[in-house]
Amino acid sequence: MDLVKPVVSGIIEAVKELYESGLRNFAVSNIGPFGCMPEIGKTSCDSNYDYFLALHTRLLREGVESLKSDLKELSIIISDLVSAIKYIFSGPAQFGFVDLFIPCCAAKGRVDMCGEVDQVGRALYEVCSNVDEKFYWDGGHPTQRGWDAIMWLYGNGAEEENKTISFIEGAPNVIEWVESFGFVAYSISTMFSPK
């Protein structure tokens, strides 16, 4: 908890500094669900970290609202990484993921991290052969395909019970937000599409 406030304050201060440099459009993100990382959750999402996620999200929202009222012509959205990852975890098969809590790159033996080597350079880790089916690369970082799924949700949202779910706060989705500035936003669905 001691780190949550300084982290959020740092995000808000960075936006202010960039705004003063002339930038006006920002996307910030809440933090992902720690309890769903393989190094913490192991076999399922651990809810012990939900308090910190909720605190970070609340403080970030409050900071963004303060920025909006203080800075003219500011356009800012919050990408909801917590909801996007939890949505993927609620139906991983539709995204092509298997074994959510087994990362692609796993340490062997008594080592802690993917990528470690012994004194002569031999790998102390193993890399899976089915990386496109893995959400996590290691104990806490999504694979490229994992990030593609998250970005697809940011760009397209999800349909559930005839209702569109947005994973962006401050805009219907990131594509419409980008297009509101007069830019052409190429559909993220060309990179990834759920099954």
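This is a guided tour of one protein chain, stop by stop, with something to select at each.

**Before you start**

You are looking at a predicted model, in which local features need pLDDT of at least 70 and side-chain atom pairs count only at pLDDT 80 or more, while totals for chains, interfaces and linings use all residues. Residues are numbered from 1 along each chain as its sequence is written, and side-chain values use heavy atoms, with hydrogens and water left out.

**Stop 1: the whole chain**

Show the protein chain as a cartoon. The secondary structure comes to 6 helices and 7 strands; helices (H or I, at least four residues) and strands (E, at least two) are DSSP runs, numbered from the N terminus. Along the principal axes, the C-alpha atoms fill a box of roughly 55 × 40 × 30 Å.

The chain exposes about 11,400 Å², and carbon and sulfur atoms supply 53% of that; accessible areas come from the Shrake-Rupley method with a 1.4 Å probe, and for residues only the protein chains shown count as cover. Of the 195 residues, 42% are buried. Here, buried means under 20% relative accessible area, exposed means over 50%, and partly exposed is in between (1.4 Å probe, protein chains only).

Contacts are worth a look too (heavy atoms within 4.5 Å). Among those between residues at least 6 apart in sequence, 64% join residues at least 24 apart.

**Stop 2**

Select residues 25-29, 75-79 and 168-169, which are β1, β2 and β7. Together they make an open sheet in the order β1-β2-β7, with mixed pairing. The edge strands are β1 and β7, each pairing on one side only. Two strands pair if DSSP finds at least two bridges between them.

How do β1 and β2 run? They are parallel, joined by 5 bridges, and N25 has S75 as its bridge partner in β2. On the β7 side, 2 bridges join β2 to an antiparallel neighbour. Look for S79 opposite I168, and for I78 with its bridge partner E169.

Next, keep β2 alone in view. How many of its 5 residues are buried? The count is 5 of 5, so β2 is largely enclosed by the rest of the structure. Both faces are covered, with S75, I77 and S79 on one side and I76 and I78 on the other.

**Stop 3: helices around the sheet**

Then select residues 81-90 for helix α4, where 7 of 10 residues are buried. Those buried residues are L81, V82, A84, I85, Y87, I88 and F89. What covers them includes β1, α3, β2, α5, β5 and β6.

**Stop 4**

A salt bridge is a side-chain nitrogen of Lys or Arg within 4 Å of a carboxyl oxygen of Asp or Glu. A search of the whole structure finds 7; here are some to visit.

- Select K86 and D50, whose closest N and O atoms are 3.7 Å apart. K86 lies in α4 and D50 in α3, so the pair ties together parts that are 36 residues apart in sequence. K86 is partly exposed at 35% relative accessibility, and D50 is partly exposed at 31%.
- Select E65 and K68, with closest N and O atoms 3.5 Å apart. Both lie in α3, 3 residues apart, about one turn of the helix.
- Select K134 and D99, with closest N and O atoms 3.9 Å apart. This pair links distant parts of the chain: K134 is in the loop between β4 and α5, and D99 in the loop between α4 and β3, 35 residues apart. Is K134 buried or exposed? K134 counts as buried at 5% relative accessibility, whereas D99 counts as partly exposed at 46%.

**Last stop: a nonpolar patch**

Finish with V127, V131 and W137, which form a nonpolar patch on the surface with about 230 Å² of accessible area together. Patches are made of residues with over 30% relative accessible area and no salt bridge; like charges are joined within 9 Å, and nonpolar side chains (Val, Leu, Ile, Met, Phe, Trp, Tyr) within 5 Å. V131 lies in the loop between β4 and α5 and is partly exposed, with a relative accessible area of 34%.
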